[in-house]
Amino acid sequence: MYSGVEISSGSNPKIRRNNIWGGQNGGIFIYSSGLGFIEDNEIYDNAMAGVWIMTDSNPTLRRNKIHDGRDSGIRISNGGRGLLEENDISRNAQAGVLIYDYSHPILRKNKIFEGFAVGIAVINHASATLEGNQIFNNRYRGLFLAFGVNVKMKGTHKDSHIFF
C-alpha cells in the first residue's frame, strides 16, 4: 500500500514519538481489525490521509500532530472506530477528519484548524461522538453533517453552523 506504517489483522503496536512523512499513499494505514496506540507523532506531507482507519479497526490516537497532507488529516471508513484524543489536525487539503460508511469514532479534545476544506465531515450512514473539540479557521465550515448521520456532541466549539 506504500504507507509509512501499516497495521492490520488484530495487530496492536505502540507507535510513539516518530516523524511519519512523505508517504506515496498515507502516513498510517490501519485496516482489517487493526488496533494500536499511536501517540506523540508528527504525521505530515503524505499523498493520502495522514491516518486512515477502516474495516473494523479501533486504534487510539493521542497527542499527534497531523498536518500538511494532500488529502484528509484522518479518514475513517468501512466500519472504522477509534479514540482520537488531544490531536492537532491542521492545514490538510481535504477535511481535517472525514468519517463515512458506517464508521463510529470518538473525538475528544482535538484541535482541528486551518484546513483547506471542512474541519469534520460526517457522511454516508456514519456516526460519531464529539466531546470538547475545537474546530476553527477552516476554509469552509467547521462541521458538516450529512442527512441521516448520528452525531453526539458535548462541549465541541466550532466556528460555523451545522448543515444537514
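# Close-up views

View 1. The model shown here is predicted: local features need pLDDT of at least 70 and side-chain atom pairs count only at pLDDT 80 or more, while totals for chains, interfaces and linings use all residues. Residues are numbered from 1 along each chain as its sequence is written, and side-chain values use heavy atoms, with hydrogens and water left out. Ser-3 belongs to the segment that precedes β1 (5-7); strands are DSSP runs (E, at least two residues) numbered from the N terminus. Beyond its neighbours within four places in sequence, Ser-3 is in contact (heavy atoms within 4.5 Å) with Asn-25, Gly-26, Gly-27 and Phe-29.

**View 2. The aromatic pair of Trp-21 and Tyr-44.** Trp-21 and Tyr-44 make a stacked pair because their ring centres are 6.1 Å apart and their planes meet at 10°. This pair connects distant parts of the chain, with Trp-21 in strand β3 (residues 19-21) and Tyr-44 in strand β6 (residues 42-44), 23 residues apart. Trp-21 is exposed at a relative accessible area of 54%, whereas Tyr-44, at 23%, is partly exposed.

View 3. The rings of Phe-29 and Tyr-31 are stacked, at 4.6 Å centre to centre and 25° between the planes. Phe-29 is buried, with 9% relative accessibility, and Tyr-31 is partly exposed, with a relative accessible area of 22%. Together with Trp-52, these two residues form one aromatic cluster. Arg-75 sits over the face of Trp-52, 5.2 Å from the ring centre (CZ of Arg or NZ of Lys within 6 Å of the ring centre and within 35 degrees of the ring normal).

**View 4. Strand β17 and its partners.** Strand β17 (residues 127-131) is largely enclosed by the rest of the structure, because 4 of its 5 residues are buried. Strand β14 (residues 106-108) pairs with β17 in the parallel sense over 3 bridges (pairing requires at least two DSSP bridges between the strands). In this arrangement, Leu-107 stands opposite Leu-130 of β17. Strand β20 (residues 150-154) also runs parallel to β17, joined to it by 5 bridges. Within β20, Asn-150 is the bridge partner of Ser-127.

**View 5. The nonpolar cores.** The largest nonpolar core comprises 30 residues, and those with the most contacts inside it are Val-51, Ile-74, Val-97, Ile-99, Ile-120 and Val-122 (a core is a set of buried Ala, Val, Leu, Ile, Met, Phe, Trp, Tyr and Cys residues joined through side-chain atoms within 4.5 Å). At least two residues of this core come from each of β4 (28-30), β7 (51-54), β10 (74-77), β13 (97-99), β16 (120-122), β17 and β19 (143-145). Ile-120 has contacts beyond four places in sequence that include Val-97, Ile-99, Leu-107, Leu-130 and Phe-144. A separate core of 9 residues has Trp-52, Met-54, Leu-98 and Ala-121 among its members.

**View 6. Phe-113 in strand β15.** Phe-113 is part of strand β15 (residues 111-113) and is buried, with 15% relative accessibility. Its contacts beyond four places in sequence are Asp-88, Ile-89, Ser-90, Arg-91, Phe-136, Asn-137 and Asn-138. The C-alpha atoms of Phe-113 and Ile-99 lie 17 Å apart, for a separation of 14 residues along the chain.

View 7. Asp-68, although not a glycine, has a positive phi of about 55°. This residue is placed in the loop between β9 (65-67) and β10 and is partly exposed at 30% relative accessibility. Arg-91, likewise a residue other than glycine, has a positive phi near 55°. The loop between β12 (88-90) and β13 holds Arg-91, which is partly exposed at 31% relative accessibility.

**View 8. Confidence and residues 160-164.** The protein chain has an average pLDDT of 93, and 94% of the residues score at least 70 (pLDDT is the predictor's confidence in each residue, from 0 to 100). Over residues 160-164, pLDDT stays under 50, and the model has 14 contacts beyond four places in sequence for this stretch.

Technical notes:
Phe/Tyr/Trp six-rings, centres within 6.5 Å; stacked < 30°, edge-to-face > 60°. Buried < 20%, exposed > 50% of the residue type's maximum accessible area, 1.4 Å probe, protein only.
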